[in-house]
Amino acid sequence: MDGDIGHVNEAINELLGGSYLLVDTGPVFGRMVMLPAGVVERIDTVEHKVYVDRTRDQIKAAPEYDQTVDDAQYRDRLGGYYSETYNGPDTRM
């Protein structure tokens, strides 16, 4: 575990647009970030914690959420960022 990054402010589930968590990083990084649901590793319902497969530094460097930016443009940039930072298992054959 890399440490806390903030709290989930909202869960966004769009039929064709994907699912995301809007996270308020509060005093940790002082901004809002959107995490694609695909980065969620597990949810601990007892402790009320969401675990993701990214480091604090990767989330800190993520594009900041801005409601004034075109949604499609922002989500394209967000998807590109998170696909570049994926540290999952090597799937080469």
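Let me begin with the largest pocket, to whose lining strand β5 gives the most, namely four residues. What we are looking at is a predicted model, in which local features need pLDDT of at least 70 and side-chain atom pairs count only at pLDDT 80 or more, while totals for chains, interfaces and linings use all residues. Residues are numbered from 1 along each chain as its sequence is written, and side-chain values use heavy atoms, with hydrogens and water left out.

The protein has three helices and five strands, and along the sequence they follow the pattern β-β-α-β-β-β-α-α. These are DSSP runs numbered from the N terminus, with at least four residues of H or I for a helix and at least two of E for a strand.

To return to the pocket, its volume is about 480 Å³, and of the 24 residues that line this pocket, Gly3, Ile5, Val50, Tyr51 and Val52 are the closest to its centre. A pocket here is an open set of points, on a 1 Å grid over the protein atoms alone, where a 1.4 Å probe fits and protein lies on both sides within 12 Å along at least five of seven lines; lining residues have an atom within 4 Å of a point. The volume is the space filled by probe spheres set on the points, which are joined across faces, edges and corners. At least two lining residues come from each of β1 (7-14), β2, β4 (40-44), β5 (49-52) and α2 (56-60).

Next, the interior. Of the 93 residues, 30% count as buried, that is, under 20% relative accessible area, with exposed meaning over 50% and partly exposed in between (1.4 Å probe, protein chains only). Strand β3, residues 32-36, is mostly covered, since four of its five residues are buried. Five bridges join β3 to strand β2 (residues 18-24), and the two run antiparallel; two strands pair if DSSP finds at least two bridges between them. Within that pair, Leu22 has Met34 as its bridge partner.

Which residues does Leu35 contact, if we leave aside neighbours within four places in sequence? They are Ile5, Ser19, Tyr20, Leu21, Val23, Val52, Ile59 and Tyr82, contact meaning heavy atoms within 4.5 Å.

With the same exclusion of sequence neighbours within four places, Gly6 is in contact with Val23, Asp24 and Thr25. Gly6 sits in the segment before β1, and although Gly6 and Val23 are 17 residues apart in sequence, their C-alpha atoms are 6.5 Å apart in space. Is Gly6 buried or partly exposed? Gly6 is partly exposed, because its relative accessible area is 43%.

Finally, the other antiparallel pair is β4 with β5, joined by four bridges, and here Asp44 stands opposite Lys49 in β5. This hairpin has four residues between its strands, and His48, in the loop between them, has a phi near 60 degrees, a positive value in a residue other than glycine. His48 counts as exposed because its relative accessibility is 72%.
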